[in-house]
Amino acid sequence: MLLFRQIAFTFKLHHLIHMIEIENLSFAYNKQETVIDNISLKVAKGSIYGFLGPNGSGKTTIIRLMLNLLKHNNGEITIDGQQIDHNSVEIFRKIGSMIESPSLYNHLSGRDNLEIFALYYNIGKERIDQVLEIVGLTDAAGKLVKRYSLGMKQRLGIAICLLHDPELLILDEPLNGLDPQGIAEIRNLFLRLNREEGKTILISSHLLSEIENTCTHIGIINKGKLLFEGKIDALKNNFAESLSYLLECTDPTKATILLREFQISCEPTSSGSIILQFTAKDEIPVVLRKLVEAGLDIYNFQRQENNLEELFLEITK
Amino acid sequence: MFFKLLYIEQKKTKKSFAIWLTIFGSMVIPLITGIVMMVKPENFQVPDGINPWKSLLFMNFKIVSSFLFPMYVIYLIGLLGNIEYKSSNWKKLFVLPIRKELLISSKLVYTLLHILFAIVLFGINTLVFGYLAGAIRPQLNMFEYMPDITLLLWYIYHLFLSIIGIIGVQFILSIFFENLLVTLSIGLFLMIGSLIAAGFNWEYIEYVPYAAPHGFNLVISAAQIPWITKFECTNLVTFALMFVACIFFFKRKTVK
């Protein structure tokens, strides 16, 4: 794989590696307000890319630009090696997309909606049954969409995206309105589509736990700027060399007094353990030795992992 | 592909308010005149030897063309546009592997066909309710004569031509303003303005597409029904210009 990548870069065959490439993208609705500020990002083929950012950060705008729904001011957007503003019709055959809420005809049934889009894509009716089964809507297919719950509408929106078996799925907040079971099912569906069918998936979300559990790669955006792009592990390593530890010992009160004497920041918890914050790794063995010498027995001492939620808040604050 | 797009448009209107409006709307005037003929047959007396169907067709088409039909067209186009706007469906349609000009022309052609269907349905309902009235009131002589189908076809043809300019303008308005109420209000304003201008015998009224009732009235009141009038030519030119403008603007339309 590494050799393949090197060859691809040497011969400028980036599209063999990257499904989406965005270079120096800028966009503004008017001269005063820049919404997207010189963003470059790459989505590898076969990856699940989590596009993360607080509300109003520019995620949906970038997705609209990717899909040529908005015209960008500067920069270049390439999907599977083709520029979106030159070959949009050809590229759209490869993309299944859902932006914000699903686009549905509420006065028609779920099956009618799928039949309409199957006609657009020139797809047979047997595929409709397949996608209904994939998203778990077979029993509700004949029901009018206006009687669907928000979660069912999301599922139907995803089913429409899957109809033409696209190589790339671009889904803006696809888990909105789903209950925990529904979230788990759709998350498993994404993983299955990615692993078994090799689909590249871009999911934008503010549900950080979903990004953490589903995505292989992540891009964090805030105020129109890309703050981080890479694998989730790299994010944790780059931003969070955590020196926060949890301590459980025989006498937490005595331990707290001692730790404060050693000028170690500590915070007792309601469960009787203590959270310690070291400033350097060298402090750890010294402090532990002194606690033992003071007659305290240590039951548990473990590093506190930073989760993505904390990292996200730290990066975007 | 184009015929498939037309079929898709028809499928979208299934069970929609637009289709019910067309079906029931086309019944209203024939039903009312039918009831009046049944209740007061003496008010519908035609001289002996004159085909009563000619009078019935003239009466129904004159009533419907005066204000109701142009208003139906304005409302229908708003409703058809609203099918896409209501759930922000344009953002989905714009990412289909189909050229935008094909998408919008199929919508416009479907709108034309839908309105033509409404006129034909109105004609059929006129015949149905005419026969019903004749069955209940034999003195109306509806079964003594055959309906004048040639006259009916002339009326359908001219009513369609008289309205085609409004179709073009309202269609482009429904693309610009993603709001049913705005397109309705503009249409109503232009309609009333044109009728007032026609009432004052404005010399350039033949160049105003929204003066459709006036234009149609001139045709059906003529001693000999013409093939085409100057007013209808204005309508055809207006429609052609709107069609081109529609494609031009639609290709540049973005979804914010």
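**Figure 1. The two domains of chain A in a predicted model.** The centres of domain 1 and domain 2 of chain A, taken over C-alpha atoms, are 42 Å apart. Domain 1 of chain A covers 18–238, and domain 2 covers 241–316. These bounds come from an automatic or database domain assignment. This is a predicted model: local features need pLDDT of at least 70, side-chain atom pairs count only at pLDDT 80 or more, and totals for chains, interfaces and linings use all residues. Residues are numbered from 1 along each chain as its sequence is written, while chains are lettered from A and ligands numbered from 1 in the order in which they are written.

**Figure 2. Chain A as a whole.** Chain A has 12 helices and 14 strands. Both are DSSP runs, numbered from the N terminus: helices are H or I with at least four residues, strands are E with at least two. Of the 317 residues in chain A, 38% are buried. A residue is buried if 20 or more other C-beta atoms lie within 10 Å of its own, exposed if 12 or fewer, and partly exposed in between, with C-beta atoms placed from the backbone. Take the contacts in chain A between residues at least 6 apart in sequence: 68% of them join residues at least 24 apart. Two residues are in contact if their C-beta atoms, placed from the backbone, lie within 7 Å.

**Figure 3. Confidence along chain A.** The average pLDDT of chain A is 85, and 89% of the residues score at least 70. pLDDT is the predictor's confidence in each residue, from 0 to 100. In chain A, helix α4 (residues 110–121) has the highest confidence, at a mean of 95, and helix α1 (residues 2–10) the lowest, at 55. Where pLDDT is low, the predicted coordinates should not be read in detail.

**Figure 4. An open sheet in chain A.** Four strands of chain A form this open sheet, in the order β2-β1-β4-β5, with antiparallel pairing. Strands β2 and β5 (82–83) of chain A stand at the edges, each with a single partner strand, so one side of each has no neighbour in the sheet. Two strands pair if DSSP finds at least two bridges between them. Strand β1 (residues 18–28) and strand β2 (residues 34–44) of chain A pair over seven bridges. A hairpin of five residues joins β1(A) to β2(A). F27(A) has I36(A) in β2(A) as its bridge partner. On to β4(A): β1(A) pairs with strand β4 (residues 74–79) of chain A over five bridges. Here E23(A) stands opposite E76(A).

**Figure 5. Strand β14 of chain A.** Is this strand largely buried or in the open? Of the six residues of strand β14 (residues 298–303) of chain A, zero are buried, so the strand lies largely in the open. Strand β11 (residues 244–249) of chain A pairs with β14(A) in the antiparallel sense over five bridges. Y245(A) stands opposite R303(A) in β14(A).

**Figure 6. Nonpolar cores.** The largest nonpolar core has 125 residues, and L202(A) and V73(B) touch the most other members. Helix α3 (residues 52–85) of chain B gives the most to this core, with 15 residues. A nonpolar core is a set of buried Ala, Val, Leu, Ile, Met, Phe, Trp, Tyr and Cys residues joined through C-beta atoms within 7 Å. A second, separate core has eight residues, among them L247(A), A255(A), V287(A) and L291(A).

**Figure 7. Where chain B meets chain A.** Here 23 residues of chain B are in contact with 20 residues of chain A. On the chain B side, α1 (2–13) and α4 (90–93) are the elements that give two or more residues. α1(B) gives the most, with five residues.

**Figure 8. K14(B) and its neighbours.** K14(B) sits in the loop between α1 and α2 (17–39) of chain B. Not counting residues up to four places away in sequence, K14(B) touches L108(A) and I19(B). K14(B) is partly exposed, with 14 other C-beta atoms within 10 Å.

**Figure 9. Two residues with positive phi.** E173(A) is not a glycine, yet has a positive phi of about 50 degrees. E173(A) lies in the loop between β7 (168–172) and α7 (180–197) of chain A. E173(A) is buried, with 21 other C-beta atoms within 10 Å. N201(B), also not a glycine, has a positive phi of about 50 degrees. N201(B) counts as exposed, with 8 C-beta neighbours inside 10 Å.
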